[in-house]
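Dear colleague,

I am passing on the structure we spoke about, with the sequence alongside, and I would be glad if you looked it over before reading my notes. The notes follow directly below it.

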Amino acid sequence: MTNKPTNYKPVKMCVEYAMSKSYCSKLWNHQYVHMSGSMRFCCATIDDLADGNGGKLHINKDSLHDAWNSDSIKKARLQMMKGDTVSACVKCVEQEARGYDSMRQRDNKERNFKRTNSDGSVDHHPSSMELHLGNVCNLKCKMCGQQYSNQVGKELLEIGNKDESFLKWIKEQSGNVNIWTDDLSVEYKWFQDPKTKSKLFEYIAEHIKDIIVIGGEPTVIPEFWELFEYLFERDKLKDLEITLNTNLTNVNPKMINWLPKLKSWTIWASVDGLGERTEYIRYPSNFDKVCENLQFYKKLLVGNNGKIVLSPAIQLLNIDQLDDILKWWLNFADGQLGDQFEVSWLSQVWYPRICNYDIAPRDYRLMVADKLEKSLEIFSQYDMIRGFYKTQIENLRSDHLDEPTAKAFQRSFVRYNDTQDIHRKVKSWRKMLPKLEQSLTKSLI
């Protein structure tokens with residue numbers, strides 16, 4: 001296998017290609033490294049890239065160069081050029097059908113088609129990367145799974161030691177209550193391998209101009225700071241745009257020196273509620289500390305090279321507070337959304353299913369919709385809020401599940417959260433969301 005792109009004749013353009021409706025530019029400019037060390041099209045897909053020998057490509061044994069022109073990616077590029085459906089892209093298709101934003105990017109279509117070879121390969125390297133540095137984390141978020149946080153599975157196993165029936169039920173329910181249950185004790189630390197770390201850092205320094213770093217929680221992973229130091233020492237920060245997805249539980253003082261040297265930087269702030277609500281959802285975070293660290297980044301917003309984006313994981317446990325979260329964010333941003341402060345709507349929780357507000361009883365969804373609608377006028381002046389906020393209200397008023405399915409998920413929601421709350425010895429969802437409890441109790445009689 002070679003590390004260099006192979007030259008082929010480019011695919012001829014035609015009307016069919018120019019009219020492609022399944023196109024996404026990520027397959028022409030973006031590389032995705034999964035927390036397990038495997039590689040995929042992007043964060044919205046669930047299929048690992050195959051190695052052609054019955055296994056999966058993995059960063060510990062395969063080069064990022066070869067992954068970029070793997071058989072799976074070449075095939076998908078050609079499908080997109082023909083306008084054919086790409087099965088791995090179903091999540092974005094479903095989100096767009098509901099009026100939500102998706103991860104799909106539609107830029108540079110004609111340019112990308114022209115520089116694609118007849119077998120689907122390309123002769124250029126990706127300039128963008130999403131890098132998941134394992135699953136080491138310090139939180140156990142309600143909507144998370146152990147693929148993203150090594151703390152989630154540990155807790156479920158602790159509960160299972162006392163209640164074997166609960167652990168058996170968790171595994172049977174799988175994606176309904178936890179996004180991945182194959183191995184509750186899994187920990188991904190592939191990036192600690194010296195050879196892997198070295199080739200990854202070199203690849204990023206040589207080719208990547210725009211990187212998104214996610215964990216786990218990157219700020220508790222030493223190798224994340226090592227990457228910053230590596231790029232800083234080689235004077236590569238000035239050419240790099242970096243997006244850090246963080247739960248804001250801690251910061252590194254060195255950021256004061258590093259961030260201003262970057263071409264640009266963005267903090268995706270994972271805040272899912274106000275006060276005790278975010279502390280419940282993102283257990284065991286501290287809201288005051290989150291606010292303190294937000295102020296740390298806000299002070300570094302100089303020279304217009306920085307940006308902070310609110311990225312709430314919109315779900316059943318916080319949809320009733322969405323208007324309050326947005327008002328709080330507008331206050332933090334001094335009422336100015338645009339250059340330095342934004343709101344992202346990409347973190348709509350679909351799985352686990354019990355976190356999706358579609359499962360809520362109709363009376364509760366309508367009550368929340370009425371509450372949110374009262375603030376429509378306040379948000380009408382903000383383009384990045386208005387449309388998607390209205391979409392949330394519309395979807396709350398719509399029935400997307402039949403009654404038996406919804407009730408099955410409601411029972412699972414109650415069992416999972418009751419059990420977890422007792423184990424954590426925290427204020428329960430029942431006390432925090434009494435109207436939701438009343439609605440669910442009535443529904444499940």
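Two strands are counted as paired here if DSSP finds at least two bridges between them. Please keep in mind that the model is a predicted one.

With that criterion, strand S1 (residues 30-33) and strand S3 (residues 128-132) pair in the parallel sense, with four bridges between them, and in this pairing Val-33 has Leu-131 of S3 as its bridge partner. Both strands belong to an open sheet of eight strands with mixed pairing, in the order S2-S1-S3-S4-S5-S6-S7-S8. Strand S2 (39-40) and strand S8 (341-343) stand at the edges of this sheet, and because each has a single partner strand, one side of each is left without a neighbour in the sheet.

Further along the sheet, strand S4 (residues 210-214) runs parallel to strand S5 (residues 241-246), and four bridges join them; here Val-213 stands opposite Leu-244 in S5. On the S6 side, S5 pairs in the parallel sense with strand S6 (residues 264-269) over six bridges, and Leu-244 has Ile-267 in S6 as its bridge partner. Together with helix H10, the strands S4 and S5 make a β-α-β unit, which is right-handed.

Turning to the helices, H9 lies across S1, S3 and S4 and runs at about 150° to S3. The axes of helix H9 (residues 194-207) and helix H10 (residues 222-233) come within 11 Å and cross at roughly 45°, and the two helices are therefore oblique to each other, with a crossing that is right-handed. In their contact, Lys-197, Phe-201, Glu-202, Ile-204 and Ala-205 of H9 meet Glu-223, Glu-226, Leu-227, Tyr-230 and Leu-231 of H10; sorted by class, these are six nonpolar and four charged residues, with no polar ones.

Terms used
Residues numbered from 1 in each chain as written. Predicted model: local features only at pLDDT ≥ 70, side-chain atom pairs only at ≥ 80, totals over all residues. Heavy atoms only, no water. Axes fitted to C-alpha atoms, helices over the stretch in contact; angles between N-to-C directions. Parallel < 35°, antiparallel > 145°, perpendicular 65-115°, else oblique. Left-handed = near helix turned anticlockwise from the far one by under 90°. Contact = heavy atoms within 4.5 Å. Nonpolar A, V, L, I, M, F, W, Y, C, P; charged D, E, K, R; others polar. Right-handed = clockwise from strand over helix to strand, strands pointing away.
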